[in-house]
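Let's go through the rings and strands of this chain together. Have a look at the model first.

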Amino acid sequence: MKKDIFSTKYIFLEQEINSKNEVFEFIANQAVKLNLISDEDALVKGFLNREAEGSTGFEDGFAIPHARIKEIKDAAVFVVRFKKRVEWESLDGQPIKVAIALMIPDGPSGEEHLAILSDIAMRLMKPDFKQQMLTLTTNKEILELLTTEAGLSKKQVTKVSQKPTDGLKIVAITACITGIAHTYMAEEKLLAEVPKMGHSIRVETQGSKGVGTPLKPQEIAEADLVIFATDTSVDKSRFAGKKVYQTKVAKAMKDPQGTVKLAIAEGTIQQGMTPDFNTKNRVSGEKEGVMQHIMAGISYMIPIIVLGGICLAFSIGIAKAIWGPEAGTAGPGDEYKWGILNVMSLVGGAAFAMMIPILAGFIGNSIAGRAAIVPAMVGAFLGNNPDNFMPMPGMDAVATPAGFLGAIAAGLLAGYIVKWINTWNVPKTLQAAMPIFFIPIVVGLGIGLLFIYVIGGPIGYVMDQISIGFKNAYSSELGVWAGLGLGMALGAMAGFDMGGPINKIAFVTGSALVTAKIYEPMGAIAAAIPVAPLGMGLTTIVVPKFFDKDTRNLGIAAIIMGCIGISEGAIPFAIRDPKRAVVSNVLGSAVAGGIAGALMVTNAAAHGGPIVAVLGAVPYGVETLYFFIAIAAGVAVTTSVYSFWLLSDAGKPGSVKEAHVAHLTKLAIDKKSAISNIHEQIKESKKAAKVDIKAAKIANEQSTKIEQNLKDTLKSLVTKKKQIIEKYHSDVLKAKAAYKKVAKSESEFIKTKTEEVKRFVTTNKQSYQSKLLTVNSSLKENKLIANKLQMHQNEEDLLEARQNLKQATQDNFIQYQTDLRKRFVEEYNKAAK
């Protein structure tokens, strides 16, 4: 049986101790005597290592040192009170009177004990608790105080300050290195002090207990200011376009009002993926929910794409460079079957085979939990292999897989079916068997049969007829215009779904015609295949503010894959932003395929991308030049269209368009939230009525009145829902009218400021170059007197200084743009609201 972490044996009052190190040595010595730890020195080192990350001394004479090491046998909380105060480098600079030390075993069980320490830290915010800890005279009294006050509350409560009638709406994230004490104490201080300034505040904690009181999208959208009181890295992509301020968690805890004042004065606009990019084409609540589930699947799929894509890109590229354009990774005659290139290819192929089921599985998981993973993955796995489809009458076999479109379908089907099954009123004796037996077998088998008998055959038949049409067209004499048209069609298909049924039929057609010694179709397809990944990757470089760090890294991987003819690198972009990304990909791929088709570019290898031309599958000479011209033109179209589309939809920083997009987003979020509340009320009303009707039947009473009340309630709620939707549409029309009017005035005004803007840009650029020159000169001077270690540090400092200067230059321009358009934005806001 696990020992209680609180005990009178662990309390030591009025001890003669003179320094922090002596405190740790005393605790370690007592822990050994109590058989709590196997190594005294290891515990002292554990405490000191934690102190090196940041002092555990708080205010008013209290410290909470803690160590989490494998040498600890049983968790314990020690309370040590000193006769004389001990220096501790605490937050208020005062010495310590009481140390509450937690010793935590390294392992999963330690998480619970970390939560206990967090609660103890929260008690130190209460004057009564601190006063009693300083004055109680017996171990028993101290123990009772700890065990009654430090009981863990498992229920997570959203803490929010009382909202003033005016002032700023502030949201904050607190997170310290260990996520134990400072995280939650800073939350309490901010919630207590900020409302006194006339502002409202909501705080999300990211600590040992996980993400506490998570911020809602609506709260973020409405926030005037975001404060990051963090000592560790947190994801800031949610706050793109918001005014943000970064500080230390201890600063927010020690001086919350001063932190807010600095945040208001020094906050900057958070760069990255804009709110518009996240919410475009997701206006209704149902659409947004579906897209959130799909995005959850993408987050799990991305590492697989990177692993598979990079392994395949390098193995295929190097193999073809060594053995020729038609060679495989195992070499001529599979001579190097167990060589590193073929092994890399096997790993990459396995990753790509897993990619589709993983996408489906975690879409299902996002909707209905773990029970939906298996049926979704099985359905997607079956759908990604055309050999699993029963062909239609007259067909030899189905040649086209369902690809990532099938994965999305399988994930959504499994998720919503399982979610529906979870609403069934199942007897308790059968509940445990539902996720283990019933759901995997019934749902998995059902979706599998659907793909095998229903989905695959018809898709394959349609694609087969298209393939026959292309083959017949290329078997006849082609002119320039026919080549242009067919090339554009094949190119558009290649760029549509990156390995899905549309893409695959184009590739299968081209490959089949290669065996018939007709090489032009494969030339058009090979030029179109790399356009989507190259275009998406370049867009993350051209307009990086629309993409977070992970997506920009994925863009680099997509470029590498595109060069080797692997189009799957563009899949996350197409799923994440289907309207803009897919249209841009199709346009660019059609251009590439059309140019290659019109110029009769040939390709003798059943593969695509620049690699086939480099290695000679596209004949060297003028055809190679045409081939690269086609690819370059296609990539330019995709990148340009996608970039301009993103910029156009987002609006320039501080512009009326940006304010208009933000306002429409807020209206959509408000509508979704209101409708969600209505749905919840409907659900609760039905549930309550069901209970009342059952009780009435048991009591042999009439339930007619209850049923009528339920009908009246539901009718009222449905009416409210209609009113919410009508108001939303009315507000949208009002906003659009305001935008149309004010945007015209803004545009006319900006035209008059063209020269002024140019002068500002020039001055801003010159200032950046001047400051950069100063930084570079400083580094050169330091090199003359620096040793190797210092030189390395200087180089890191230079890189950081350059990044800071670049960011400051961008922020200056954004602020200038915002100030220039401010009065028009204010006019729009007044008219739209």
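Q: How many aromatic pairs does the count come to?
A: This is a predicted model, so local features need pLDDT of at least 70, side-chain atom pairs count only at pLDDT 80 or more, and totals for chains, interfaces and linings use all residues. Residues are numbered from 1 along each chain as its sequence is written, and side-chain values use heavy atoms, with hydrogens and water left out. Rings of Phe, Tyr and Trp (its six-membered ring) pair if their centres lie within 6.5 Å; planes under 30 degrees apart are stacked, over 60 edge-to-face, the rest tilted. By that rule, the count is 15.

Q: Which parts does the pair of F12 and F78 tie together?
A: This pair is tilted, at 5.4 Å centre to centre and 55 degrees between the planes. Both F12 and F78 are buried (under 20% relative accessible area, 1.4 Å probe, protein chains only). The two residues are 66 apart in sequence, so the pair ties together strand β1 (residues 11–15) and strand β4 (residues 76–86); strands are DSSP runs of E, at least two residues, numbered from the N terminus.

Q: Is the pair of F228 and F239 stacked or edge-to-face?
A: F228 sits in strand β9 and F239 in the loop between β9 and β10. Both are buried. Their centres are 5.3 Å apart with 80 degrees between the planes, making the pair edge-to-face.

Q: In β10, what is the bridge partner of I227?
A: Strands β9 (residues 225–230) and β10 (residues 243–247) pair in the parallel sense over four bridges; pairing takes at least two DSSP bridges. For I227, the partner in β10 is Y245.

Key: Buried means under 20% relative accessible area, exposed over 50%, partly exposed in between (1.4 Å probe, protein chains only).
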